[in-house]
Amino acid sequence: MFSFVISYLNFLKYIPLFPHVFDSLLRVWVLVTKPKLLNWLDEIEGEVLNWQGTNVSIHKYGGLQFNYRGTEIGHIHSNGLLDVLYTLKIKEVLLKTGRVSNHHVFAKSGWISFYIKRTEDKKYALELLWLKYQDIHGGNTESHRVYLVDYQNAITLCEPLYFPLLSSVRLLLEI
Amino acid sequence: MKKDIYEFEVAKGFILSNIFAFAIIGITKHFAEKQGVLIFSEFVIVPFVMGVICAWSWKELGMTRGRMTWVSCLNALIGIGLSAIILKEGAICLLIVSPLIFGFMITGAFTGRAMFKKNNQNLNVSILSLLFVLFIADSLSVHQYENLVSDEIVINAPPEKVWKNVVAFEKIKEKNKFWLFQAGMPAPMATTVEGYYKGAGRKCIFSNGYIFDEKIVTYSPNHDLTFDIIGQPKDPEIMGHIDIIRGQFLLKDNGNGTTTVIGNSWYKLYVFPVWYYDIWAKSITRNVHLRVMDHIKALSEKN
């Protein structure tokens, strides 16, 4: 259903409120078919809001958007589809993990998509958001420059929770 | 938070939002350019603001996404139920309108939640003022919409044989295939005619006994049967929402023993937004056409 609308009715997103209503109806569908997913979204929201300087808003095409001081970290549509924008280099590395895919619309951009389907996906979604958060959060600091140059150093800046993803990014960059 | 306070706040959202909605609909009906016209704002802005009102009432409750979606759905059901009682809308109408009500009410609730979390009074007032301006502009606009639905079928019989089944036909015994007919929407059953001439009365009888009174305005045997609808049943499913103005059957001899039959219907809509309701109007009219035309085909191809 979601894929059909995105593939064939994508132009409707330019009608004011249409994507938001579509997202609301998706939420009703999820509530009936997979209510746990909405709890996971609440938990992700709660966790991200614990990060310094973050807030949430409604994404322009429907869904929950996470921001850090006015810059988008990523957004989750109500069917559990997480979209995050990285640099093409980071995206390439993430694609090699096999867990994320090209963005469902902008395949050639730095955007990636990740479907939250199981409980363990919630943690991975948080890792993806954390990775982006680190990218923006540390943008003007010395540690961030180190992070961009050497992912090994970046890992030491992160919470243990987010270690696995950053670790895999580092390993894949080295390959 | 105590359970009774929680329930009171939830109920407050339901009550305030529904009072707001029916007050607005009442005011709009009173000042409407034409009685019975239901405008875009009533199906879009009203449920959206109902959601915002709920979000305001529930802002201290710390509702989860799932809970907020459930209670918004419940509020939408309450609104739809009250529409059946107060506005005397039919079940099929309410079924058709429900995706709009559910969609915009939940969107309003989550937008309201985001608005009240930010606690930016300027932004909140701006959003509500914009909605108010949109509502006024829509209420003052002229609402008029007419459309034509056309369908075509090829029948393996010459026009002379098809013609007699076009003007009037015996009862349709075929089971309804269209889901709305199966859900209880009246389906065409039979057509009778007073005579085979221009000006003759014609009656289109529907499954629940409702009758559309028609008058033949063009009678060109084997070519063109056009009729105006002069009396429409007072059915709550269609009353004031759609008027079927004219119907037409055009027959084209294909020169190989077959006939192309084109069925046309002209209608006027009194419910807006057109981008939503016209999809339904077209689909229903098309299925009326197809049920009748398939029947004409079966009768004409019978030996």
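**Questions on a predicted two-chain model**

Colleague: Why is Pro188(B) called buried?

Modeller: Its relative accessibility is 1%, and buried means under 20% relative accessible area, with exposed over 50% and partly exposed in between (1.4 Å probe, protein chains only); Pro188(B) therefore counts as buried. The model is predicted, so local features need pLDDT of at least 70 and side-chain atom pairs count only at pLDDT 80 or more, while totals for chains, interfaces and linings use all residues. Residues are numbered from 1 along each chain as its sequence is written, chains are lettered from A and ligands numbered from 1 in the order in which they are written, and side-chain values use heavy atoms, with hydrogens and water left out.

Colleague: Which residues does Pro188(B) touch?

Modeller: Contact means heavy atoms within 4.5 Å. Not counting residues up to four places away in sequence, Pro188(B) touches Ile172(B), Phe181(B), Ile205(B), Phe206(B), Val288(B), Arg291(B) and Val292(B). The C-alpha atoms of Pro188(B) and Phe206(B) are separated by 4.3 Å, although the two residues are 18 residues apart along the chain. Pro188(B) belongs to strand 2 (residues 188–193) of chain B; strands (E, at least two residues) and helices (H or I, at least four) are DSSP runs, numbered from the N terminus.

Colleague: How do you know that the span of helix 6 of chain B agrees with its number of residues?

Modeller: The expected span is 1.5 Å times one less than the number of residues. For the 20 residues of helix 6 (residues 121–140) of chain B this gives 28 Å, and the end C-alpha atoms are 28 Å apart, which agrees.

Colleague: What makes the buried residues of helix 6 of chain B line one face?

Modeller: Asn124(B), Leu131(B), Phe135(B) and Asp138(B) are buried in helix 6 of chain B. Seen down the helix axis, the buried residues fall within an arc of 70 degrees, so they line one face; the arc is that of the directions from the axis to the C-beta atoms. On the other side, exposed residues include Asn122(B) and Val125(B). The buried residues of helix 6 pack against helix 1 (3–31), helix 2 (40–43), helix 3 (45–57) and helix 5 (91–118) of chain B.

Colleague: Why are strand 1 (54–58) and strand 5 (101–102) of chain A said to stand at the edges?

Modeller: Two strands pair if DSSP finds at least two bridges between them. The open sheet of 6 strands in chain A has the order 1-2-3-4-6-5, with antiparallel pairing. Strand 1 and strand 5 each have a single partner strand, so one side of each is left without a neighbour in the sheet.
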